[in-house]
Amino acid sequence: LDFAQRSGARVMASPRAKGVFPEDHPQYLGVTGLGGDADVDDKLVADPPDYTLVLGTRMGESTSFWARELRPKIAFIHVDVNPQAFGAAYPDARTYGVEADVGAFLASLGAAYREPSQTRERAPRRPRPEAPALRGEGPVRPQIVLDALQRVVVEGSSALLLAESGNSFCWATHLLRFRTPGRYRVSTGFGSMGHAATGVVGAALAREDKAVALLGDGAMLMQSEVHSAVQYGAKAVWVILNDACYLMCEQGMKVLGWKPFGTRMHRVDFVALARALGADGERVTSEAEVEGAMRRAMASERPFVLDIHTDPQEMAPSGKRHKNLMQQGHDSGH
């Protein structure tokens, strides 16, 4: 933050870096990659940088999708303790590698800027996307769930929020806004389901505080460790987007022109499961019930499962991933 304000540089964040730089800062462009902000690419095309300083990321698939729009006109300046990171994502782009700790590098570089820079006109602050008006009937739209998470969890508590692989990751990265680091966790390496479903228990125990997992029903079924949370008194909360479907897979198949297969499942009663294991829970079947139920989940002293019946017709903001998959298939001749 100090270096950015001194240099006047625009700032982008990878999905895992949400909150490292305040997302309401006027120099902030948005999130790249999976679930990121579509207008980031547009801004870079309209005003491409000569150089891009890369800190703390290898710019892998979930961060960049190897998009041409992220390439600077002249070169990347890539800072990492591991020199193998240099040029890994964009091997054909000029890259100046700096083998250094990011914190030490920024402290030294920031000292070169004695006064805050006024070289670039600052953009207006990025507004948080408005949630749609509540509808009276039908399953709950994920946007309503994310709006409640923003107000009740992100802004109304100090809880850590973990987003599970799948559409939960996309919705959370796209719609939530963080001003401080250490509040958001996503797994963008292998993207294996179950990372947040189980990790929320360890996070709650380590923090001795609330930790919240946003996840789909498929991930919750893989091994949620609700019983472990009960046994060890973890203040874990599971917010389940229950659509009786592996929805990211189904929506991706449709975008690719396939007929979906193997994606539908029997809708599970997660409240009954939670109570059988000794936890508390509540089912939500309408949008008007979401915020109240979430507040009760956060107020509970027991592990809590919030089972929200969500609308499978709502498309998650994962268009960049679908575009990249189609491009990879085209490039490989498939």
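**Notes on the salt bridges**

1. R177 and D37 pair through their side chains in a salt bridge, 4.0 Å from N to O (the term means a side-chain nitrogen of Lys or Arg within 4 Å of a carboxyl oxygen of Asp or Glu). The pair ties together distant parts of the chain, 140 residues apart: R177 sits in the loop between helix 6 (167-175) and strand 7 (184-186), and D37 in the loop between strand 2 (28-31) and helix 2 (39-46). Helices (H or I, at least four residues) and strands (E, at least two) are DSSP runs, numbered from the N terminus.

2. Keep in mind that this is a predicted model: local features need pLDDT of at least 70, side-chain atom pairs count only at pLDDT 80 or more, and totals for chains, interfaces and linings use all residues. Residues are numbered from 1 along each chain as its sequence is written, and side-chain values use heavy atoms, with hydrogens and water left out.

3. Back to that pair: R177 is buried at 11% relative accessible area, and D37 is buried too, at 4%. Buried here is under 20% relative accessible area, exposed over 50%, partly exposed in between (1.4 Å probe, protein chains only).

4. Have a look at R135 and E287 as well, whose side chains form a salt bridge at 3.5 Å, N to O. This one also links distant parts of the chain, 152 residues apart. R135 is partly exposed at 28%, whereas E287 is buried at 2%.

5. K18 and E23 make another salt bridge (2.9 Å, N to O), and both residues are buried. The structure holds 17 salt bridges.
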